[in-house]
Amino acid sequence: MRISLPSVKLVLAVALSSTSFLSNFTWVKAQKPGPISTPSPQPNLNSSPLPASAPIKGRVRVVLPELPPGIGPAPGGRRFGGATRGQCPTVKLPLAALVPLTKQPPSIVNVWGLTTQEYPKLWFYLPYTTNSAYPAEFTMLDDESKDPLYTSAIALPKQAGVIDVPLPTNVSALQVGKRYRWFLNIYCDPQKQSAPIYVEGVIIRTGLNQTLAKQLQKAKPIQQVAIYANNGFWHDALTKLAELRQKNPQNHYLQTEWTNLLTAIGLGELSTMPLIP
């Protein structure tokens with residue numbers, strides 16, 4: 001089954017400056033996504049470091065599409081880990097999922113995003129470290145049947161920072177058009193006797209059309225970030241940019257783009273947190 005991107009309700013428009021292809025974000029409304037256009041040539045990231053003032057021309061949008069029809073009610077979810085529970089210490093920045101949210105009247109908050117990947121990565125900010133010895137666990141399940149797809153213990157990082165949680169290739173691949181719910185739980189009680197701090201959301205895999213697939217195949221990695229963002233694939237845009245940063249950790253240009261991308265979805269304060277291998 002293949003589904004195309006639905007009509008767009010919310011579009012995060014970007015007026016580009018000479019230093020950033022994701023800066024100056026504002027919310028606007030649009031009826032339908034326009035024709036797919038290839039972004040202007042981007043700097044070659046194979047030669048690092050890239051100047052922070054590298055000229056970028058053109059336009060890119062981070063699109064938050066409507067939920068595809070016919071796949072269930074609003075996903076709901078939780079982007080932040082919430083208040084301190086049990087033995088959990090107070091932290092400056094809470095546990096967070098690096099995922100957009102949309103609001104649905106009267107008071108529903110939906111935490112979700114699209115991917116093109118069979119085995120995507122999800123990204124989280126963890127404020128707790130190995131010194132705490134807190135058990136952490138990631139779970140993904142079929143949101144319709146509630147059958148678990150994948151559950152794994154998560155190793156806390158040595159320092160607070162952003163980690164990726166990949167879906168491993170030894171489990172069933174995400175199916176196009178199906179909705180999957182994920183949870184990241186942290187138990188501040190080592191015996192798991194008290195409720196965890198957790199984040200929760202939904203991911204949906206969507207098929208690529210032939211035109212978009214060809215554009216991605218020809219594009220450089222930094223262009224792929226823009227193509228994914230333009231076409232609503234949040235998880236793919238974020239992962240591609242994060243992987244570029246991991247390969248070029250001293251690149252100030254990529255750091256700026258990372259900051260602008262997270263700021264666009266209201267998570268700018270997490271942009272300075274280190275990416276943990």
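Which residues of H3 are buried? In this predicted model, the buried residues of H3 are Trp-234, His-235, Asp-236, Ala-237, Leu-238, Thr-239, Leu-241, Ala-242, Leu-244 and Arg-245.

Helix H3 covers residues 234–247 and has 14 residues. From its first C-alpha to its last, H3 reaches 20 Å, close to the 20 Å expected at 1.5 Å a residue. The helix is mostly covered, with 10 of its 14 residues buried. Its buried residues pack against helix H2 (221–230) and helix H4 (252–264), and also against strands E3 (62–64), E6 (108–115), E7 (121–126) and E12 (197–205).

Two of them are set out below.

| Pair | Centre to centre | Angle between planes | Class |
|---|---|---|---|
| Tyr-128 and Tyr-134 | 5.6 Å | 70 degrees | edge-to-face |
| Phe-138 and Tyr-150 | 6.3 Å | 55 degrees | tilted |

Both Tyr-128 and Tyr-134 are buried. Phe-138 counts as buried because its relative accessibility is 1%, and Tyr-150 counts as buried at 16% relative accessibility. Ring pairs also join Phe-138 and Tyr-150 with Phe-124 and Trp-182 in a cluster.

A further ring contact involves a charge: the charged end of Arg-78 sits over the ring of Tyr-198, 5.0 Å from the ring centre.

How values were computed
Residues numbered from 1 in each chain as written. Predicted model: local features only at pLDDT ≥ 70, side-chain atom pairs only at ≥ 80, totals over all residues. Heavy atoms only, no water. Helix = DSSP H or I, 4+ residues; strand = E, 2+ residues; numbered from the N terminus. Expected span 1.5 Å × (residues − 1). Buried < 20%, exposed > 50% of the residue type's maximum accessible area, 1.4 Å probe, protein only. Contact = heavy atoms within 4.5 Å. Phe/Tyr/Trp six-rings, centres within 6.5 Å; stacked < 30°, edge-to-face > 60°. Lys NZ or Arg CZ within 6 Å of the ring centre and 35° of its normal.
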